[in-house]
Amino acid sequence: MTGTLAAIGAGLAAIGAGLGIGKIGGSAMESIARQPEAASKIQTAMLIAAAFIEAVALFAVVVSLIA
Amino acid sequence: MKFSHFLTSKKMSAVAFFAVFLLFLNANARQHESEGAEDSSAVMRAETGHAQEKDEGKFEINNFIFHHIGDAHEFHFWGEGENWTGLHLPIILYTDKGLVTFNSKAFALDNDGTKVVEKGGMRFVRAHGKIYYAADAAEHGSYVHHEKNEKGEEVILNKKPLDFSITKNVFTIFFSVILLLVIFLSVAKSYKRREGKAPKGLQSFLEPIILFVRDDIAKPNLGHKYERYMPYLLTVFFFIWLNNMLGLVPFFPGGANVTGNIAVTMVLAIVTLVIILFSGNKYYWGHIFNPPVPWWLKPLMIPVEIIGIFTKPFALMIRLFANITAGHILVLSLLCLVFIFNSLAIAPASVFFVIFISTIELLVAFIQAFIFTILSALFIGMAIEEHADH
């Protein structure tokens, strides 16, 4: 039972992180298309933001692994 | 961004309805199943027997995966049982009676607490990769005492000596440190020898990466004081990158899950924390102990800021650990698909997915090294920022 709940928790975390990273990726694509010369700066900023979101999702994964 | 349109859109409500519908359907099916099983106990017994068999198979795969991502006292090359080929690494224990060392060969690959090793007047057994003092008498052939705790999990009651062994991970850390020293000392020497000339050989391969760390990681985040922190950033970047890559190599010098070990990432994060704490200037500490907020918010903000000091390195630790461990688990689970389905037909698909994920993992190995370094630089940069114009 706890295994199932943990799996549901991990799935929910994945949905949240997916939404967040999708939004970041989409916006980064848009801004690179608007201003291709700033691509490298945008990519760096995108990766940092993605890392923060990913960390939250990974916290959830770790918690559901422990539970 | 507003998410309101997301909730009100027709497509989403249709999806939500369908999901809820499926959920009920599933619950109903479960109920039917259990009712049906109650009717014929014989069938149920047969089924549970079958389920147990399945469970055992699954359990073994879990064991297999956790064995591979965990640490060990031996470096396994290939083969099982009698054909086992590998490196027995030294065991170093700090016991009640001082330091005890012996070769892990003495355990003869035992991991269930059945083989007792006598050394220095003490008896040791190994169970699930951990070394314990052996019990006086064997219990079902095992010299460790098991007991169930309140959660129903098996716990081992034997006392443990402190284990400072050269394990698989420690061995790989030594290996990568030596590799990094050899590479970078030779590159540094060629910079001295060929001053003012174009880079050559290994030097020309590493120069763009070092410049990348300097120009894209250190300079934008640390400002004009970046040179002080370059040695740390370069070290941590190349150490993490090399170990991530070594973890993806499935045979001898690689294969250990070093950066996927939470102790290793914890030490890396603590080093970053120490650097932040020692290089923080008065603005940084002022921001923590006297944040620029109305006076009545200060009792709330000061604890939050103090916790914030520790959450940053904590997130660094978890991020690297979880990313690398998740990558390894993913690759191994995809490999295990063959054993779960127990058929050769699934093998091409499994191999294809493993290659696909491994390629992504090559990218992740670099990105995680980059992220760890750039976040370290960012946090150090926040601590040494000069202005305080809030």
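Reply:
**A strand residue and its surroundings**

Leaving out residues up to four places away in sequence, B:His146 is in contact with B:Glu154 and B:Ile156 (two residues are in contact if their C-beta atoms, placed from the backbone, lie within 7 Å). The model is a predicted one, in which local features require a pLDDT of at least 70 and side-chain atom pairs count only at pLDDT 80 or more, whereas totals for chains, interfaces and linings use all residues. Residues are numbered from 1 along each chain as its sequence is written, while chains are lettered from A and ligands numbered from 1 in the order in which they are written.

B:His146 belongs to strand S8 (residues 146-148) of chain B; helices (H or I, at least four residues) and strands (E, at least two) are DSSP runs, numbered from the N terminus. B:His146 counts as partly exposed because it has 14 C-beta neighbours inside 10 Å; a residue is buried with 20 or more other C-beta atoms within 10 Å of its own, exposed with 12 or fewer, and partly exposed in between, with C-beta atoms placed from the backbone.

Most residues other than glycine have a negative phi. B:Ala108, in the loop between strand S4 (98-103) and strand S5 (117-119), has a positive phi near 50°. B:Ala108 is exposed, since 12 other C-beta atoms lie within 10 Å. B:His128 likewise has a positive phi near 50°, and its place is the loop between strand S6 (122-127) and strand S7 (130-133). With 15 other C-beta atoms within 10 Å, B:His128 is partly exposed.

Chain B as a whole contains 10 helices and 10 strands, and 21% of its 390 residues count as buried. Among its contacts between residues at least 6 apart in sequence, 57% join residues at least 24 apart.

The largest nonpolar core has 43 residues, and B:Ala218 and B:Ala377 have the most contacts inside it (a nonpolar core is a set of buried Ala, Val, Leu, Ile, Met, Phe, Trp, Tyr and Cys residues joined through C-beta atoms within 7 Å). Two or more residues each come from H2 of chain A and from H5, H6, helix H7 (262-279), helix H9 (298-341) and H10 of chain B. H10(B) supplies the largest share, 10 residues. A second, separate core of 11 residues includes B:Phe107, B:Val125, B:Ile131 and B:Tyr143.

B:Ala218 is one of the buried residues of H5(B), together with B:Val213, B:Ile217, B:Asn221 and B:Leu222. Neighbours within four places in sequence aside, B:Ala218 is in contact with B:Val213, B:Tyr226, B:Tyr229, B:Met230, B:Leu233 and B:Ala377. The buried residues of H5(B) pack against helix H6 (230-248) and helix H10 (347-384) of chain B. H5(B) covers residues 202-222, and its 21 residues should span 30 Å at 1.5 Å a residue, which agrees with the 28 Å between its end C-alpha atoms; the expected span is 1.5 Å times one less than the number of residues. A kink of about 25° is centred on B:Arg214, the bend at a residue being the angle between axes fitted to the seven residues ending there and the seven starting there. After H5(B) comes B:Gly223, with a positive phi near 70°.

H6(B), with 19 residues, reaches 27 Å from its first C-alpha to its last, close to the expected 27 Å. Its buried residues are covered by elements that include helix H4 (168-193), H5, H9 and H10 of chain B.

The contact between the chains takes 11 residues from chain A and 12 residues from chain B. On the side of chain A, helix H2 (residues 39-66) gives the most, with 10 residues. B:Ile318, in helix H9 of chain B, is in contact with A:Ala55, A:Leu58, A:Phe59 and A:Val62, neighbours within four places in sequence aside. B:Ile318 counts as buried because it has 20 C-beta neighbours inside 10 Å. Its C-alpha atom lies 7.7 Å from that of B:Thr265, a residue 53 places away along the chain.
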